[in-house]
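Trainee: I'm new to this one. Please pick a single part and take me through it closely, starting with any terms I'll need.

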Amino acid sequence: MQHFISDLHLNPTQPETAKAFVAYLQGPAKQAQTLWILGDLFEYWTGDEDIAHPFHTEMVAAIAALSATGTQVRVVVGNRDFLMGQAFAKAAGAELVAEPICIDLYGKRTVLLHGDILCTDDVAYQQFRAMVRNPAWQTQFLAQPVAVRHKLAAELRAKSEMGKQEKASKIMDVNAAAVEACFKTHNTNLMIHGHTHRPATHQVNVDGQSCERWVLSDWHGKATWLEASEQGLQTRTL
Ligand code: LP5
Ligand code: MN
């Protein structure tokens, strides 16, 4: 069995979500051979020094405890926690995986990604993304003191929330052509991603081929994961 989760946005101001996450790790996640975390595990991550924050220390330790029991934990970063690095991975007993990644899911070639790269109509976001994913920008950002990074991140979060109120809902969803291109490039007819917080299973026709796009749920108010087995895919809640 393999599990997929995303968009937990863990942060100390939402202890219920953190509690649910720990309960999930100590319970259902143990059934999985692999747990895939497809981005935005944390509300935001300003660099691996964030591990030292007691809340993060606790979350990272809970993941490491699952990993120690034999579940492989693989992490794709999201737009909130793209600065997670090897120190995080080591502490969590996890492996950071570059997206998009194709896997064999019980005989079905499947492409996995956070999902933000599919939102090509959100031009301002894509420009921002190109900037912050640039290694030179990251080196410069990570050279700043932790307190400064946190202040910038908080400002950016506020900007992002304000900006979303003005952006049309449609531009914050995936772009149909980007989805089609992703299926074609990766030569697959199954896709799993998060980011949009619009959980659904979409049937897409790509050049006469029927493809399926599973959108993961965020964890706001409900702990949800996608379970994959020989029997297929199924959404589960705690
Ligand atoms: O995250 P969410 O759901 O609110 O919205 C996303 C897009 N926003 C983001 C930003 C994240 O919320 C904040 C990430 C914090 C990371 C911390 C470390 C790095 C700190 C860097 C500090 C400079 O990803 C949002 C999308 C939305 O998804 C839907 O897809 O619309 O996109 C934006 O908000 C981007 C804006 O449109 C463009 C922002 C330009 C700002 C550039 C100036 C940067 C300096 C700001 C310092 C205050
Ligand atoms: Mn996201």
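Mentor: First, helices (H or I, at least four residues) and strands (E, at least two) are DSSP runs, numbered from the N terminus. This is a predicted model, where local features need pLDDT of at least 70, side-chain atom pairs count only at pLDDT 80 or more, and totals for chains, interfaces and linings use all residues. Residues are numbered from 1 along each chain as its sequence is written, chains are lettered from A and ligands numbered from 1 in the order in which they are written, and side-chain values use heavy atoms, leaving out hydrogens and water.

Let's go to ligand 1. It has 23 residues around it (a heavy atom within 4 Å). Coming nearest are R80, D122, R157, S160 and K167. Sort that shell by type and you get 12 nonpolar residues, three polar and eight charged (Ala, Val, Leu, Ile, Met, Phe, Trp, Tyr, Cys and Pro count as nonpolar, Asp, Glu, Lys and Arg as charged, the others, Gly among them, as polar).

So where do these residues sit? Three helices, α4 (123-132), α5 (135-142) and α6 (146-166), each bring at least two residues to the shell. With nine residues, α6 has the largest share.

Now zoom in on the polar contacts (N or O atoms paired within 3.5 Å). A side-chain N or O atom of D122 is 2.5 Å from an oxygen of ligand 1. For R157, a polar side-chain atom is 2.8 Å from a ligand oxygen. Overall, of the 1,000 Å² of accessible area ligand 1 has on its own, the protein covers 85% (Shrake-Rupley method, 1.4 Å probe).

H195 also leads us to ligand 2, the manganese ion, because a donor is an N, O or S atom within 2.8 Å of the metal and H195 gives ND1. Along the chain, the donors are spaced D-x38-N-x34-H-x80-H. D40 is in the loop between β2 (34-38) and α2 (54-68), and N79 in the loop between β3 (72-76) and α3 (86-92), so this pair ties together parts 39 residues apart in sequence.

Notes:
A polar contact is a pair of N or O atoms within 3.5 Å; within protein, one must be able to donate a hydrogen and the other to accept it, and residues adjacent in sequence count only if both atoms are side-chain atoms. Donors are N, O and S atoms within 2.8 Å of the metal (3.2 Å for Na, K and Ca); water is not among the atoms, so sites may look incomplete.
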